[in-house]
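I opened this model to look up its fold, its charges and one surface patch. My entries are kept in the order in which I looked.

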Amino acid sequence: MKPGKEKAERLLYTILDMGEMLLTSGAEIKRVEDTLTRMGRAYGAVECHVFVITASIMAAMEFPGRIRVNGIRRISGAPKNDFRRLEALNHLSRSCCGSPLPLPELEMSIHHWKGAENVRERYAGSLITTGSFALYFGGTVADGLAAALFSPLICFLQVHFERFFPNKVTFYVFCSFFTGTLICLGSRLTGWFHYDRVIMGDMMLMIPGLALMNAVRDVLAGNTISGVMRLTESLIWTGALACGFMAAIWMIY
């Protein structure tokens, strides 16, 4: 494939879309850089340079005929950890590297996964996760059921209210305090479940476990800047959760 200037810019924009979706779905930095580089070369780039950090993607490509294009994509959204979308994009990139799709078809395939999210699976998964962790941390069956009952509220806040907050930290201070207050009130008024076990179960929906793991992997892979940024953000995020829940417990008890 030997694109002209206009088609090369269109290709770069499409590849940046894929990189943004990979990054916000929970992919590690090295994986995003490698995928975008391979995609560029598969579509005819003789030189392809990609630099990714958690906040932005920078890419420069050169095609035959000394056609050069470059672009920067600001990543403002926090990772959603959508493994279904991550797997689909990874499969799409591998297919394109083996046999490149026509550009319009590639754009349609990426656009299909842009806003795709199975809300039913998310809510069902939250019920199972919170109930299981409440039992794992020593809770009773009633604690597990209570944790599962509060989990849809957390998912609802994440889906519908997170976009109204300036960053992840302020949102999770609010989310943990609001949810913690309801849990503590329910425990104190009814007395049929332990608030601490329920909080530990529901907290599992908000703790940035994958972000912490990716931060360590980034540092070990040599992407020190991204790793330190992710680690710092994750620790602040975890501290915000602790502060929110602790404030709720102190207020009620």
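The entries below go from the whole chain to single residues.

**Entry 1, ground rules.** I noted that this is a predicted model, in which local features need pLDDT of at least 70 and side-chain atom pairs count only at pLDDT 80 or more, while totals for chains, interfaces and linings use all residues. Residues are numbered from 1 along each chain as its sequence is written, and side-chain values use heavy atoms, with hydrogens and water left out.

I looked up the secondary structure and found ten helices and three strands. Helices (H or I, at least four residues) and strands (E, at least two) are DSSP runs, numbered from the N terminus. I wrote down the order from the N terminus as α-α-β-β-β-α-α-α-α-α-α-α-α. The C-alpha trace spans about 75 × 35 × 30 Å along its principal axes.

How much of the protein is buried? Of the 253 residues, 45% are buried, where buried means under 20% relative accessible area, exposed over 50% and partly exposed in between (1.4 Å probe, protein chains only). For contacts (heavy atoms within 4.5 Å), I took those with a separation of 6 or more; residues 24 or more positions apart account for 65% of them. The protein exposes about 13,200 Å², and carbon and sulfur atoms supply 63% of that area. Accessible areas come from the Shrake-Rupley method with a 1.4 Å probe, and for residues only the protein chains shown count as cover.

I found 25 positive and 21 negative charges, with mean positions 3 Å apart. Lys and Arg count as positive and Asp and Glu as negative, without His and the chain ends; each charge is placed at NZ of Lys, CZ of Arg, CG of Asp or CD of Glu.

A salt bridge is a side-chain nitrogen of Lys or Arg within 4 Å of a carboxyl oxygen of Asp or Glu, and the count comes to nine. I looked at Arg-73 and Asp-17, whose side chains meet in a salt bridge at 2.8 Å, N to O. This pair links distant parts of the chain, with Arg-73 in strand β3 (residues 67-74) and Asp-17 in helix α1 (residues 5-24), 56 residues apart. Both Arg-73 and Asp-17 are buried.

Next I checked Glu-28 and Arg-217, which form a salt bridge at 3.2 Å, N to O. Arg-217 is in helix α9 (residues 209-220), 189 residues from Glu-28.

Arg-68 counts as partly exposed at 42% relative accessibility, and Glu-62 is buried at 19%. I also noted one network, in which salt bridges that share partners join Asp-17, Glu-20 and Arg-73.

I found Phe-51, Met-58, Ile-72, Ile-225 and Met-229 in a nonpolar patch on the surface, with about 470 Å² of accessible area together. Patches take residues with over 30% relative accessible area and no salt bridge, joining like charges within 9 Å and nonpolar side chains (Val, Leu, Ile, Met, Phe, Trp, Tyr) within 5 Å. Ile-72 is placed in strand β3 and counts as exposed because its relative accessible area is 64%.

Last, I looked at Lys-168 in helix α7 (residues 168-190). Lys-168 is buried, at 10% relative accessibility. Its C-alpha atom is 9.0 Å from that of Glu-233, 65 residues apart along the chain.
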